[in-house]
Amino acid sequence: MSEPALLLKKVTKKFRTVTAVRDLSLEIMPGEIYGLIGPNGSGKTTTIKTIAGLYRQTKGTIEVNGLDVIRHPTRSKRGLGYIPDDPQAYDRLSGREFLEFVGQIFGMERGRRDERVAMLLDRYGLKDVAEGAFGQYSRGNRQKISILAALLHEPKLLLIDEPMIGLDPQSARITKEMLREFASAGGAILLSTHTLAVAEELCGRLGILKEGQLIEEGTVAELGRRANVGHGSLEDYYLALTA
Amino acid sequence: MFKEVVQLADVRRLAARRAWREANWARMAVAAAFIVVGVVIAAGVFLLFRAFFVEIAGATEGPAPLIVKYVLEASFATVLFLGVASFVASSIPLIYANGEVRLLAALPVEPSALFMHRFLLAASLSVWPVLVVGVPALAALGVAVHAPAPYYAFAAVALLLLSLTVALTGGLLSFVFAWLAALLPRSWLRLADGVLFVAMLFLFMRQIVPHALYRIFDVNGAAAIEASSQRLDAIFGWFPTHPLAQATLAFTQPSGQPAALAWNALAIAVALVLMTLFAGRWYIALRQRFEEISFVAGYRGADGAAKQPPFPRLWRLGHGYIFEKEWLNFTRNPDQLARAGFLMLLLFFCLFALRAVAKLGGLDEPVMQSKAVAASFAAIGYFALALGLRFAFPALSQDGRCAWVIWSSPMHRHELFSWKYFFWCAVIAVPIIGAALVTIRLFGVPWPLAIGFLTAAACTVAAMVVVTLGQGCLYPDFRDRDPDELSTSPAGLAATAIGVGYVWVVTRYVRMMTLAYLMDGRFDAVALFGLLVVTVGIVAAYWVIASRALEHAEAGRA
């Protein structure tokens, strides 16, 4: 059996007196899309930022593709792509320059990088747009460029914080297709969202976070059984389980 | 209109009051420290002027009245020059391209009231030369000649009118600049900025400190003095500050013209009315044009324009793409460029002013010459610190909400520090080494000493950038994106204190080197070694501490 793409063991993250994440354990296998849902302030974004290396966990261990993120920070990040909740990048660079910059940071070979940039821009039809300054983009185009930046270096694990905000229906569909293709090619995805329809559509398993703790985990059907509300949607299960 | 202007000002006053109440002790301490620094500078200028006036103003015969007249005219013209440059540098982001203006323009506010509100804001930010040069100069003159009480009331009115003259001239120039910015391509505008900057500095210095300045004062007999006085009138006659200087002189010299103050007040009132009418008609249209320059849908590639070459274009060595990213961010940001240009303007102005003062004091004596060279170096060091604080200190924090890009990548943070350091050293070295070369030329520094002077300038760049960037990395603030606010934090104040200490030490070494060469004709290698040791020590210490701190820093906390 292959090793988990992401493994969290009893991870706690404290900010001075506030405990944002408490004893969180998770395991995501290659090819799996795992959804993290929960109320505002439940610790979803903190969890993702800690895995991505923006924060350092207070306790516990995090392994990305078998590599401890504290002991091997750079090697573990080589196989990781991150899409933030607020897709800001350097305002004075064009979208294409930004993607090329990201390719450089991840040490991509120039020919491969340019080929991937062209191919990915084509997916959203952003070739012309990508020549304009990032600071002039709409929210949706910023989101698209940051999705492409995360996919550019062909990571094994994708961390996504709210993937669909600002996207038009056509772009949302393309995004979902790309994420499914990524997973079917063996990539793992940890996706945090408030859009339960997206979570239900994409995720094989879901975890519900509340006050920094994982209170439920399982497939939509398993959550439904535990919620004990009869037939309903993920929204009904979620509301019952977080009440 | 006046009611609306007062209402808008009141909103700002309430916001400032709330900010003051919510400020923690550290911020209040920083604010107090900066006020103290300002008062100390003004007090220093006052003492300098007073010493000069006491020596010269007592004499009523010979060239003394001419020198007083020259100093007063030159001081007023300097205030005008610095104030207008400051106004123009801050006016585009304050009056034309500003988030708050965008919001207010969508509300039913009179255009003239909105313009006047922003104009007064920009004017209040460019009043500092009046406080630092104008007030000390007139106060010192009053003290030196034992002027009666009405003099001070008269001087206060003159300074108020001087502030308004600065703001009106700045307002007019910034309008022309904004109009050109809305019309011309960016590249042309940047070129025009650069040319204008150099031309203004050159013309201004040539006008205020003409060749053979001493000849104006080397006069005997009433006819020669009258001729020199007329020459001074010809030099300063075209400055809008001339009537104010003439009026102020009325208390110390018979040639003064007190009535000029009334005429000046009348001209300013007329100009204010015209500007208000003008703003009511054109301000909104101009602001809208400015807004359309960066219209969201205006992609460069959409109209078939040529694709930019692949990134990075120039800096391919190692992590040179960080260097190039910083370069593009800097050179494509007009606000940053304007600030950098303004600081450079002040630096070169300061050097020319020091040269003029040294010339008046006599440069033949080695002690005096070494003092003048050391003072010029201190000015260069101070500006290296100012540039470091304004640009290198916020360099990491300004990544702000983009910090995720590098923090989530496999790049070592110490490499990020190194490349940011290389970049800001390269950028800040250009004006600082340039200023050092200008100083060498102005003072005719012999070449062995010039090498020592240039080494000291290069060391100062290395040290100031490591201190300011290092402090910024030790205490990053990813929420606050305003670089001015970032650098006036407690960490910025600490960087200022360390930087001032370093400049003081290195200035002493420069003075030792200069004095040893001028007195004995020998090169003081010990002083050079001392400054190298101090620099290597400070660079190594900050490099290690800041790089380590960065490895453990957290990014993106909201």
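B:Arg313 is partly exposed, with a relative accessible area of 24% (buried is under 20%, exposed over 50%, and partly exposed in between, using a 1.4 Å probe and protein chains only). This is a predicted model, where local features need pLDDT of at least 70, side-chain atom pairs count only at pLDDT 80 or more, and totals for chains, interfaces and linings use all residues. Residues are numbered from 1 along each chain as its sequence is written, chains are lettered from A and ligands numbered from 1 in the order in which they are written, and side-chain values use heavy atoms, leaving out hydrogens and water.

**Exercise 1.** Find which residue forms a salt bridge with B:Arg313, and say where the two residues sit.

*Solution.* 
- Step 1: Recall that a salt bridge is a side-chain nitrogen of Lys or Arg within 4 Å of a carboxyl oxygen of Asp or Glu.
- Step 2: The partner is A:Glu97, with the closest N and O atoms 2.3 Å apart.
- Step 3: The pair crosses between chains, from A:Glu97 in helix H3 (residues 95-105) of chain A to B:Arg313 in the loop between helix H12 (259-293) and helix H13 (320-331) of chain B. Helices (H or I, at least four residues) and strands (E, at least two) are DSSP runs, numbered from the N terminus.
- Step 4: Check the burial: A:Glu97 is buried, at 0% relative accessibility.
- Step 5: Look for another bridge: A:Glu97 also meets the side chain of B:Arg332 (2.8 Å, N to O).

**Exercise 2.** Decide whether A:Lys13 is buried or exposed, and name its salt-bridge partner in chain B.

*Solution.* 
- Step 1: A:Lys13 has a relative accessible area of 5%, so A:Lys13 is buried.
- Step 2: Its partner is B:Glu554, at 2.5 Å from N to O.
- Step 3: A:Lys13 lies in strand S1 (residues 6-15) of chain A, while B:Glu554 is in the segment after helix H21 (525-552) of chain B.
- Step 4: B:Glu554 is partly exposed, at 23%.

**Exercise 3.** Describe the interface between chain A and chain B, starting with its residues in contact.

*Solution.* 
- Step 1: Count the residues: 41 of chain A are in contact with 44 of chain B (heavy atoms within 4.5 Å).
- Step 2: The two chains bury about 3900 Å² between them, 57% of it on carbon and sulfur atoms. Here, buried area is the accessible area (1.4 Å probe) that two parts lose on being put together, summed over both.
- Step 3: In chain A, A:Tyr90, A:Arg92 and A:Gln136 lose the most area to chain B, together 18% of what that side buries.
- Step 4: Finish with the salt bridges: three are counted between chain A and chain B.
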